[in-house]
Amino acid sequence: PLHHANQERGRFRTDGSGRYKLQTIQPKWYQAGNIVRSAHFHVKVSGPSNPLLTTALYFEDDPFIGKDGMVKKSLILDVKEAKKARTADFTFVLRRA
């Protein structure tokens, strides 16, 4: 069966150096009442001695990125075009509790 986008979940662990790899399908922008939300996906990041960080990552080439008041510039992915995919790097920094 098809899943609604909000039901898609995954759990990832970093390697010993804190690196991770996430492969996904890029979401689309959507209408939320009177506002348009730019394409994004939510992430929750935690560590053994860190509180849970919940945030979202956005795509720089989304046509609504400049009109979405929820977007923080530091959370916009710098997307690179590759042969068969688009890639981006993002570093999460956690503070100890």
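R9 counts as exposed because its relative accessibility is 71%. The cut-offs are under 20% relative accessible area for buried, over 50% for exposed and partly exposed in between, with a 1.4 Å probe and protein chains only. From R9 to Y20 the C-alpha to C-alpha distance is 16 Å, for a sequence separation of 11 residues.

Some bookkeeping. This is a predicted model, in which local features need pLDDT of at least 70 and side-chain atom pairs count only at pLDDT 80 or more, while totals for chains, interfaces and linings use all residues. Residues are numbered from 1 along each chain as its sequence is written, and side-chain values use heavy atoms, with hydrogens and water left out.

On confidence: pLDDT is the predictor's confidence in each residue, from 0 to 100. The protein chain has a mean pLDDT of 86, and 91% of its residues reach 70 or more. Confidence is lowest in β1, with a mean of 89, and highest in β5, at 96.

Now the chain as a whole. Of the 97 residues, 22% are buried. Contact means heavy atoms within 4.5 Å. Among contacts with a separation of 6 or more, 34% come from residues 24 or more positions apart.

Next, the strand pairing. Two strands pair if DSSP finds at least two bridges between them. β3 and β4 run antiparallel and are joined by 6 bridges; here H40 has Y58 in β4 as its bridge partner. On β4 there is also a parallel pairing with β5 (residues 76-77), over 2 bridges, and Y58 is bridged to I76 in β5. How much of β4 is buried? In β4 (residues 53-59), 5 of the 7 residues are buried, so the strand is largely enclosed by the rest of the structure.

Two loop residues make a contrast. S38 is in the loop between β2 (35-37) and β3 (40-45), and counts as buried because its relative accessibility is 0%. Leaving out residues up to four places away in sequence, S38 touches W29, Y58, D62, F64, I65, D68 and V71. P48 lies in the loop between β3 and β4, and counts as exposed because its relative accessibility is 92%. P48 and T24 are 24 residues apart in sequence and 26 Å apart in space, C-alpha to C-alpha.

Last, a pocket. On a 1 Å grid over the protein atoms alone, a pocket is an open set of points with protein on both sides within 12 Å along at least five of seven lines, and lining residues have an atom within 4 Å of a point. The second largest pocket has a volume of about 630 Å³, the volume being the space filled by probe spheres set on the points. It is lined by 20 residues, of which L22, Q23, R86, T87 and A88 are the closest to its centre. β4 and β7 (86-87) are the elements that give two or more residues to this lining.

How values were computed
Helices (H or I, at least four residues) and strands (E, at least two) are DSSP runs, numbered from the N terminus. On a 1 Å grid over the protein atoms alone, a cavity is a set of points where a 1.4 Å probe fits but cannot get out, and a pocket is an open set with protein on both sides within 12 Å along at least five of seven lines; lining residues have an atom within 4 Å of a point.
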